[in-house]
Structures are given as C-alpha cells and as structure tokens.
Amino acid sequence: MTMSKLSKLYTTIESLKELNLPIDELLQQEVDKLEEDLIRKEILPTLTDKIEPALAQVQRELVLVVDYVPGEPLKVSLSRKRNISDVLTDAVEISPKRPHVVTATDITRSPNIDFRVCFEDGTVCEGNGKTAFIEALKHMVLPRVATFDGRTFAGFPLVGRKQRVTEDGYKWQEQVDGWWIYVNMSNETKMSMLKQVANALGISIEVEIVNGNNNPTPDISVKKVKGKRTMFSLNGGEPLNKRNTVYATIKLFIECNPEATFEDVESFFPRILQGGYGVVASDDEYKERLAKGQDSDKRYFIDRPFVDPTGKIFYVCHQWGDNFENFRNHVIREFRWTIDEV
C-alpha cells in the first residue's frame, strides 16, 4: 500500500515538473512521510536482522551513512562522531515503531513463578524469573555469555553492548555491569536460554521451577487423558478442540499486539511448549522441512497463515496431544488468560 501510493505521488511530481507547474509543499511532505514509512517498515527490519549482528563485533560507537542515488551503486560513509547532527545537519532519525507486547488486559505477569539455577560449584541463583536469569548469566561471566550466538532477539544478542530502543520507550533489556541483557521473554524461554548458554560454554547447571511454597518442581505438570476429545474455552469463548484453541490463542495475542514480529511471537510462545515442531514456524522453516522430505504440510495450519509487520509469513502448529497442557499452563501463568475445559 505504501509503495503503491508513493509511486503515484512520484508520477504526479514528474508530471508537474514536465508542465513547469509548482510542486505543492503538502505534496512533498506526503512524499517525505511515505518514504520514511517505507524505510521504517521494509528497510529497517533488514538492517536489524542482517547488519546489526555483524556490527556487534565492533566495540566502539560510530555512525554509518548510506548515500543512495537511484540507478547508482550504494555508498557508505563512516564517522566516529556519535552525534548524528554533527555529521548531517538535516538528518531525521527513523526507528522501528513497535509498541511493547501486552496481554489483552495489560495485567502484569504473575510474580510468584520463580525458578532457581544450581551450578556445580554450589552457587545457587534464585528468585523471580528476571532476577534468577540475570544472576545466573552474571555467574557465567557476561563477556563469555556475550560470545553466545545461538539465538538473537529482534537482531539483538542475549548479552551485548547495544541497547534496543523503540519509539514507545519500552524496556527490552536490563543494563548490568556495562552490558545489555535481553530480558523481555517468557520464563520458559529464560530457562531454555540458560540451558543453551551453559551448554555452549561447557557449564553444568540444573534449572528448576519453584512454586509458591519454595518447593522445587522439575517441570510443568501434564495431565494425560486418553480416548477423550476434550473441548476448551479461551477466555469464556466458544468451545474449541486443542489445536484450534492454540490457534485462537495466537490469533488473540496478535490482535492485542498488532506490531509484534514473528520473533516476538516465538519468544512469548517458546518452541519447548510444543516440542520439535514449535508453537509457530516461519514459512522458511516450513519450506526447509518440505525440502527434506518431511510432511510439514500436515503439521501446521497452512491454510491460515499469519503475516507480521515485516512481511514474514508464519504458521501455527496443530500437533497437540499431551503437550497441550504445557501450552495451557503457560498461557494461564504468563498472560492471566483462561483456558477452561468445557
């Protein structure tokens, strides 16, 4: 839509030039606005996903200026001056406009779901999800953790030197000892990331959930009901089977957070809840599975895809058996939504 309207405005301006007619200032302002929207929605996501991870190797601040002239090769200039106004006096800063991810009722997540991390040397990091997470990462030494590249979040590493800043001012990271730690993720994802980091660094740890009485439980309880087709109601809605309940939950999450990316959805609904197929999968993963001869066309709602603000297509998995209780408990605990058996 943005590109189509922009093309029409370009055509209008060219026509006015050919007729030697003045170009209305409001018309030019509209072109400027649409150009900035195009950069924000289509170019910035590419910069975030592709360029930022490479720039993470650079340990000091700098400014890169892209000189674009239609029909000519791109030119990139570098400045050590951190203040962009010192480099370009008419510069306009453009950042991805992504509001923070909220629940339907914007209720704070449950504070009583804690977990503890036990290390071989006897160190125990315990507390609410964020506290235990940060303390465990600190114990593994943040500069070492910063070398972990097994996963990024919206293009940012788990631990790095750069802060993710969005126009809504939402806080995605915590600054600890000069490092930015990405903390905006579910407790399940936090525990999973600790295990992945420890494994990558050759550190032995045990992670266990702690309930309200401070008694550890090894994992979320799973009720196994065989031979019974149980129906569920999401927030008092119509009865649905397991797979459609999962789909309805993801759909509601996206409706509440229209600018959430695929990575945001995957972060709030981690793969571990479902298993090998994940709660959601990108179109690229789906096609890769097909290319390997796997029957991924029978594992996801291919006929009901989602498209995030960056244009990435993704699907919801419909393979839910015993793992459904993992998903159900996660939604109840993390979002305070209800999924009642009916």
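Predicted model: local features only at pLDDT ≥ 70, side-chain atom pairs only at ≥ 80, totals over all residues.
Figure 1. The side chains of Lys251 and Glu255 meet in a salt bridge, with a distance of 2.6 Å from N to O. Both residues belong to helix α7 (residues 242-256), where they are four residues apart, about one turn of the helix. In general, side chains of opposite charge can pair when their charged atoms come close.

**Figure 2. Glu263 of helix α8 and its partner Lys312.** Glu263 has its place in helix α8 (residues 262-268) and forms a salt bridge with Lys312, the closest N and O atoms being 2.7 Å apart. Because Lys312 lies in the loop between β14 (306-307) and β15 (313-316) whereas Glu263 lies in helix α8, the pair ties together parts that are 49 residues apart in sequence. Lys312 counts as partly exposed at 27% relative accessibility, and Glu263 is also partly exposed, with a relative accessible area of 23%. When its neighbours within four places in sequence are left aside, Glu263 is in contact with Ala154, Asp308 and Lys312. Glu263 and Gly155 are 108 residues apart in sequence, yet their C-alpha atoms are 9.3 Å apart in space.

Figure 3. The side chains of Glu285 and Arg271 meet in a salt bridge at 3.0 Å, taken from N to O. This pair links distant parts of the chain, with Glu285 in helix α9 (residues 283-291) and Arg271 in the loop between α8 and β13 (280-282), 14 residues apart. Glu285 is buried, with a relative accessible area of 17%, whereas Arg271 counts as partly exposed at 28% relative accessibility. Through salt bridges that share partners, Glu266, Arg271, Glu285 and Arg289 are joined into one network.

**Figure 4. The largest nonpolar core.** This core has 34 residues, and those with the most contacts inside it are Val117, Phe133, Leu137, Met140, Leu158, Ile181 and Leu194. At least two residues of the core are supplied by each of β3 (114-119), α4 (129-139), α5 (142-145), β9 (179-182), α6 (187-201) and β10 (205-210), and α6 gives the most, with six residues. Leu158, not counting residues up to four places away in sequence, touches Phe133, Leu137, Val145, Arg151, Phe153, Trp180, Ile181, Tyr182, Met185, Met193 and Val197. Another core, of 32 residues, lies apart from this one and includes Phe232, Leu273, Phe306 and Tyr315. In soluble globular proteins, nonpolar side chains tend to be buried together.

**Figure 5. Helix α6 and the glycine that follows it.** At 1.5 Å a residue, the 15 residues of α6 should span 21 Å, and the C-alpha atoms at its ends are 21 Å apart, which agrees. The buried residues of this helix are Asn187, Glu188, Thr189, Lys190, Met191, Met193, Leu194, Val197, Ala198 and Leu201. After α6 comes Gly202, whose phi is positive, near 70°.

**Figure 6. Two residues other than glycine with positive phi.** Val141 is not a glycine, although its phi is positive, at about 75°; it lies in the loop between α4 and α5 and is partly exposed, with a relative accessible area of 38%. Arg336, also a residue other than glycine, has a positive phi near 65° and is found in the loop between α10 (324-335) and β16 (339-341). Its relative accessible area of 39% makes Arg336 partly exposed.

**Figure 7. A nonpolar patch on the surface.** Leu64, Val66, Tyr68, Leu74, Val76 and Leu78 form this patch, and together they have about 640 Å² of accessible area. The elements that give two or more residues to the patch are β1 (63-67) and β2 (75-79). Leu78 is found in strand β2 and is partly exposed, with a relative accessible area of 49%.

Methods
Residues numbered from 1 in each chain as written. Heavy atoms only, no water. Core = buried A, V, L, I, M, F, W, Y, C linked by side-chain atoms within 4.5 Å. Buried < 20%, exposed > 50% of the residue type's maximum accessible area, 1.4 Å probe, protein only. Contact = heavy atoms within 4.5 Å. Expected span 1.5 Å × (residues − 1). Patch = residues over 30% accessible without salt bridge, like charges linked within 9 Å, V, L, I, M, F, W, Y side chains within 5 Å. Areas by Shrake-Rupley, 256 points an atom, 1.4 Å probe, with all protein chains shown as cover. Salt bridge = Lys/Arg side-chain N within 4 Å of Asp/Glu carboxyl O.
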